[in-house]
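These are my notebook entries from a first careful look through one structure.

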Amino acid sequence: MHHFGVNDVEQMTDIAKTLREKLRMEAEITPPTVQLEQVSDDGTHKWLIGTDAGNSVETVFIPEDDRGTLCISSQIGCALECTFCSTGRQGFNRNLSVAEIIGQLWIANKSLRQEGGYEMLSANDRIISNVVMMGMGEPLANYDNVVTSMQIMLDDSAYGLSRRRVTLSTSGLVNQMDRLKEDCPVALAVSLHAPNDALRDVLVPINKKYPIKELMTACERYLVKAPRDFVTFEYVMLDGVNDTVEHAHQLLDIVRNVPCKFNLIPFNPFPNSGYETSKQSHIRVFRDILMQAGYVVTVRKTRGDDIDAACGQLAGKVLDKTKRSLKRINIEAIA
Ligand code: SAH
Ligand code: SF4
């Protein structure tokens, strides 16, 4: 099913006929429905995947010269309310099931193979070489389903991806990071976004529960088991908010015990966000301070923004059960 992208039991000719017959009678293979597929000018693909009435999530494929990365969603909406994130602004509906998470890889794989005329490729000839759990939702808040899905990604009889090529991004759920390092230690990215607790409490509110010091020691513990010898710190660049020279120096100070790389993400705007993207010149100065201190720093290129597929722009459709959007409207009406 995963190896060859087959969902018709009759096509599974490498298993016994009697077993095929049994499966046909007793099992059902239903991929999630694709509501919309869009292709950007730069080759980025986005699928809007329906889950149930009124809800959908987004999956994005980013082709590069040396790899193809699929960005997968883990929840419908997100409950963690990071202020610069459009998913966080939408509220939360529910966790995705294992079928809905791994189904995104199944759909993307099948669709890209068909598009390229590569249906007959073996699973070792991968169009999707890397997976990042960086779509909608906080993957560690849907722990069991995300871990089971990642185990299927790593399984040689399914997708056979190496642990180094599957990256989970978290806003810093420290207790679950400790579990992950035992259960399924994949590459880790941590959404840091602020170099001190006062600012991070505002931008990434889960910081109030797991402040920076605790987060850093959790990263150190994770690295003992991680498939790579560094953590990637993601840092969204918000104009005048977290992008000054002083912030860069504070950042160097808080990460000093954690082998790491930095990924600076120019803020991707969405309507009524209240934030603006840092100026190019400020991003360069910030990057150079980190580089001069000896760190590897990448500035994430915005891909697929003509189809709203860039980081933090994934909206899907979320029937908000937290009534957060309603609260916000009321507050705005009062203001
Ligand atoms: N919930 C997880 C993974 C999903 S978000 C997490 O927070 O890490 C993937 C990355 O995109 C995170 O680093 C997130 O902070 C960042 N992001 C969210 N909104 C963004 C925006 N508007 N512009 C740029 N990056 C954003
Ligand atoms: Fe959730 Fe991540 Fe967005 Fe924060 S940045 S609201 S954790 S999806």
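Before sorting residues by class, I wrote down the rule: Ala, Val, Leu, Ile, Met, Phe, Trp, Tyr, Cys and Pro count as nonpolar, Asp, Glu, Lys and Arg count as charged, and the others, Gly among them, count as polar. I also noted that the model is predicted.

Entry one, the ligand. I looked up the shell around ligand 1 and found 20 residues surrounding it, of which the closest are Gly-137, Ser-169, Ser-191, His-193 and Asn-268. Sorted by class, this shell has nine nonpolar, nine polar and two charged residues. I then asked which strands each supply at least two residues of the shell, and I noted β8 (166–170), β10 and β11.

An oxygen atom of ligand 1 is 2.6 Å from an N or O atom in the side chain of Ser-169, and a polar side-chain atom of Glu-234 lies 3.1 Å from an oxygen atom of the ligand. With Phe-84 I had to look at the backbone, where a polar atom is 2.9 Å from a nitrogen atom of ligand 1. I next looked up how much of the ligand is covered: taken alone, ligand 1 exposes 530 Å², and the protein buries 95% of that.

I found that the structure holds five aromatic pairs. One of them joins Phe-233 and Phe-262, and this pair is tilted, with 6.2 Å centre to centre and 35 degrees between the planes. Phe-233 lies in strand β10 (residues 231–237) and Phe-262 in strand β11 (residues 260–266), so the pair ties together parts that are 29 residues apart in sequence.

Phe-262 also forms a pair with Tyr-295, which is edge-to-face, at 5.2 Å centre to centre and 75 degrees between the planes. Here Tyr-295 sits in the loop between α9 (280–292) and β12 (297–299), 33 residues apart from Phe-262 in strand β11. I noted that Phe-233, Phe-262 and Tyr-295 form one aromatic cluster.

Phe-262 counts as buried because its relative accessibility is 1%, and Tyr-295 counts as buried because its relative accessibility is 18%, with the cut-off set at under 20%.

I found Arg-179 over the face of Tyr-143, at 4.0 Å from the ring centre, and Lys-261 over the face of Phe-230, at 4.1 Å from the ring centre.

Notes:
Residues numbered from 1 in each chain as written. Chains lettered and ligands numbered in written order. Predicted model: local features only at pLDDT ≥ 70, side-chain atom pairs only at ≥ 80, totals over all residues. Heavy atoms only, no water. Phe/Tyr/Trp six-rings, centres within 6.5 Å; stacked < 30°, edge-to-face > 60°. Helix = DSSP H or I, 4+ residues; strand = E, 2+ residues; numbered from the N terminus. Buried < 20%, exposed > 50% of the residue type's maximum accessible area, 1.4 Å probe, protein only. Lys NZ or Arg CZ within 6 Å of the ring centre and 35° of its normal. Near = heavy atom within 4 Å. Polar contact = N/O pair within 3.5 Å; in protein donor to acceptor, adjacent residues only side chain to side chain. Areas by Shrake-Rupley, 256 points an atom, 1.4 Å probe, with all protein chains shown as cover.
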